[in-house]
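Hello,

Here is the structure I promised to pass on. My notes follow below it.

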Amino acid sequence: GSVVAVATGEEFHGLRNWRAGDSPRLVHWRTTARTGVKMVREHEQPRDEALVVLLEPVDDDGGEELVSLAASVVTAWARGGNRWLGLVVTGSRPVALQTQGAGTPVIEMLEALAECGAGGGGIPEIGSSWKRGAPVLRLARRAGGVPKELHPGPIRWVGPDKVADLRWYKAGGGEA
């Protein structure tokens, strides 16, 4: 099956003197041997990781599974460092929220998930600061496209009957 690939990467920047706490894997042994001074490779900061969770609520037990999965993903993602998260909920109470790094309004996102409802309503308005090309985790009754307003990257669909297939997730227990 498809996998949501998170965009990360580090660009090589240069060499610097070793400091306490540096990973041994960063030591540049050839330069260290040549100069007699322990040198480490320095990298640019990793690019931001980004993810969009798109929830299309449904009115049954399967819908509860999808909301629970969305809440688990939001909570787990928020624990990361400099990560961007977009949450889009369609249905009778549509909402679009986004975060960046430590200022993540996880509580707002969890409240939106707790109050979501199935039914009409389309995609809520997406702000201009929305991250383009972010992978989308689409939680919905059936497979389908993702609205172009989300400027989606790779898409993974999970339906209520597919939640159990996620090895890292146990329904009701959050992360495995």
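**Leu113 and the cores**

Not counting residues up to four places away in sequence, Leu113 touches Leu55, Val67, Ala70, Ala71, Val74, Leu87 and Val89. Bear in mind that this is a predicted model.

Leu113 also belongs to the largest nonpolar core, which has 26 residues. Val53, Leu55, Leu113 and Leu139 are the residues with the most contacts inside this core. Six elements each supply at least two of its residues: β3 (49-55), α2, β4 (83-89), β5 (95-98), α3 and β6. Which of them gives the most? That is α2, with seven residues. As a general point, nonpolar side chains in soluble globular proteins tend to be buried together.

**Helix α2 and its partner**

α2 covers residues 61-78, 18 residues in total. From first C-alpha to last, α2 reaches 26 Å. That is close to the 26 Å expected at 1.5 Å a residue. The buried residues of α2 are Gly62, Gly63, Leu66, Val67, Leu69, Ala70, Ser72, Val73, Val74 and Trp77.

How do α2 and α3 lie relative to each other? Their axes come within 10 Å and cross at roughly 175 degrees. Angles over 145 degrees count as roughly antiparallel, so α2 and α3 are roughly antiparallel to each other. On the α2 side, the contact is made by Val67, Ala70, Ala71, Val74, Thr75 and Ala78. On the α3 side, Val106, Met109, Leu110 and Leu113 take part. By class, that contact has nine nonpolar residues, one polar and no charged ones.

- Ala50 sits in strand β3. Is Ala50 buried or exposed? The cut-off for buried is under 20% relative accessible area, so Ala50, at 7% relative accessibility, counts as buried. Ala50 and Gly86 are 36 residues apart in sequence, yet 8.0 Å apart in space, C-alpha to C-alpha.
- Arg16 lies in strand β1 (residues 12-17). Its relative accessibility is 15%, so Arg16 counts as buried too. Leaving aside neighbours within four places in sequence, Arg16 is in contact with Asp22, Lys38, Met39, Val40 and Glu42.
- Gly120 is found in the loop between α3 (106-115) and β6 (136-139). Exposed means over 50%, so Gly120, at 53% relative accessibility, counts as exposed. Gly120 touches Gly91 and Ser92, not counting residues up to four places away in sequence.

**The chain as a whole**

The protein chain has three helices and nine strands. Along the sequence, the pattern reads β-α-β-β-α-β-β-α-β-β-β-β. Of the 176 residues in the protein chain, 38% are buried. Take the contacts between residues at least 6 apart in sequence: 59% of these join residues at least 24 apart.

If you open one region, start with the contact between α2 and α3. Leu113 is part of that contact, and Leu113 is also one of the residues with the most contacts inside the largest nonpolar core.

Best wishes

Conventions
Residues numbered from 1 in each chain as written. Predicted model: local features only at pLDDT ≥ 70, side-chain atom pairs only at ≥ 80, totals over all residues. Heavy atoms only, no water. Helix = DSSP H or I, 4+ residues; strand = E, 2+ residues; numbered from the N terminus. Expected span 1.5 Å × (residues − 1). Buried < 20%, exposed > 50% of the residue type's maximum accessible area, 1.4 Å probe, protein only. Contact = heavy atoms within 4.5 Å. Core = buried A, V, L, I, M, F, W, Y, C linked by side-chain atoms within 4.5 Å. Axes fitted to C-alpha atoms, helices over the stretch in contact; angles between N-to-C directions. Parallel < 35°, antiparallel > 145°, perpendicular 65-115°, else oblique. Nonpolar A, V, L, I, M, F, W, Y, C, P; charged D, E, K, R; others polar.
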